Amino acid sequence: MTMADQANAPANKPSRQSTVGIGALLKGVVEMAPDALSMARHAPGMLIRSGSVKKTIGSVFADLAAKHPDRPFVRFEGQALSYGEANRQVNRYAGVLADRGVRTGDVVGILAENNTTDLLVVLATLKLGAVAGMLNYNQHGHVIDHSMGLLDAKVLIRDPQCVDAWETMSPERHPEHVLDYASLEAAAADQPDTDPTVTATLPASTTAFYIFTSGTTGLPKASLMSHNRWLANYSGIGGLAVRLRPSDTMYVALPMYHNNALSVSLGSVLAGGACIAIARKFSASRFWDDIIANRATAFCYIGELCRYLLAQPEKPTDRRHAVRVMVGNGLRPEVWDTFAERFGVDRVVEFYGASELNLVFVNAFNAKRTAGFCPLPFKVVKYEADGSPKRGADGRLRKVSKGEPGLLISKITERVPLDGYTDGAETEKKIIRDAFADGDAWFNSGDLVREQGFKHIAFVDRLGDTFRWKGENVATTEVEGALGELPAIEHAVAYGVEVPGCDGRAGMAAVTLTEGAELDGKALADKLYAELPSYAVPLFLRTVDQIEATTTFKNRKVELRGAGFTEVGDDDVWVLKGRADGYVPFYEGYLDEVAAAKVPR
């Protein structure tokens, strides 16, 4: 099978996105009936958002611990803590941070794999009104240095498992206080276990998290999440859509530095007074065994996770579990039914959102193949080839026709504010002003969606210089920078391309070689693995004679992205086998191996 044949294989073509009709909504309403009382309790929090109310993540957790101290809160690798036990330890950790000068508005950097301590340190930070700076442990070298610079943390709590990130961080980026887990536990031993008094005084407008996303500069940006926006997810996704009960357990195998874990999953757990079961890392082969061992009834996902599970051989544990609901984003329409039927999951709570976005869509009505519903103001508009919104002759934006893909934008109002990034200039770049009327302001999501009816949307694609792979945002300029440091490469353009059977877009780069140079696939891969997170290392390299560097450069990137790895003429295409083999010439079956998660290794 040729590259073109593999890319266009009928079995891998996406199915048409469905519409959402009144029948699906009515069916969803009937299914909601048993949870009507709990939903009524959470509905005001979704519709009425006040930044001045004295309610935060820390106070929600403390209230649950006071009311239900013996109820299980967290499980990790066979160990469990109740709400009461966890709250007392959180308070001790808060005392350690306070003794080191952490006050409201200060930042605590957290560099950790998933574990109980990681979660409790986050809650301790929030109880003080400080900001939890959630570092991505896949970052290293100048990237982790950049992230630490953005945080300007007063304290860094580090998991000893995160060796690469810590050892490649420049010493000058270390804050005054750095504690590994052993130091933290020793310091916490003599701390009081009572709630900090400041927690009850904190308004919802207080900043809760810095979540790192890829930026147009090629280095991560820190998006802000306030308690107010987290509480909207807590009520909207957790209380109205996921609807966990106290007897439920949510299994979380996604990293805590992701919003899916920290906001969606934790919010759903606290909204239902349920239990959270944490996996250190995701494992496709052990997933259902771990679900069963933790007695989980729900789990969070990204589309890539679901694809890996479907690629596993069928086995009895596929349906021996008690999971009835899954929540996440990126489940492809063509595998939606297959996944739900194979694994026996009753409800798929797909949602659409972003760390920096001021609204979220959620599949509250259990419709099929939809990113969900949102009651807040948004529009789907026409766009330019480079991903920017398209203005008409009058300077205003235009909505797309019904069913046509368009750029999603969300209105910024006092009731639906934008938290933005730590860098105000970066926030302003994402704001569209005077879009439909003088003085209005809208946030540019950078994503293509299609309206499905009744305020539901389906996700179509990601625009601009950032694409998503392995559940992570990849900045093309960061990849181009790493490639440009290699002596053999004169110029590079990076972009994302679709791979049949995969979620998101895999990295691809078109490169020109310096005169007389040859491409050493192993050495090139070694260099990129050293410079980039593994998910950002491109899977495809296309060697070209020249790359335009003119004012039409962005259009050239669009053309390259459209050509992908099939329409390359006589150009050579190299593919990433993994760390051991590096890049090798494209070979038959490579795309199938990527789809089956066999490469790169």
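Me: What does Pro389 touch, leaving out residues up to four places away in sequence?

Reply: In this predicted model, where local features need pLDDT of at least 70 and side-chain atom pairs count only at pLDDT 80 or more, while totals for chains, interfaces and linings use all residues, Pro389 touches Lys382, Tyr383, Glu384, Leu397, Leu407, Ile432 and Asn444, contact being heavy atoms within 4.5 Å. Residues are numbered from 1 along each chain as its sequence is written, and side-chain values use heavy atoms, with hydrogens and water left out. Between Pro389 and Leu407 there are 7.1 Å from C-alpha to C-alpha, at a separation of 18 residues in sequence.

Me: Why does Pro389 count as buried?

Reply: Buried means under 20% relative accessible area, exposed over 50%, and partly exposed in between, with a 1.4 Å probe and protein chains only; Pro389 has 18% relative accessibility and therefore counts as buried.

Me: How do you know what confidence the predictor has in the chain?

Reply: The pLDDT, the predictor's confidence in each residue from 0 to 100, averages 90 over the chain, and 94% of the residues score at least 70. Over residues 1–16, however, the pLDDT is below 50, and this stretch has 27 contacts in the model beyond near neighbours in sequence. The pLDDT is also below 50 over residues 549–555, a stretch with 6 such contacts beyond near neighbours in sequence.
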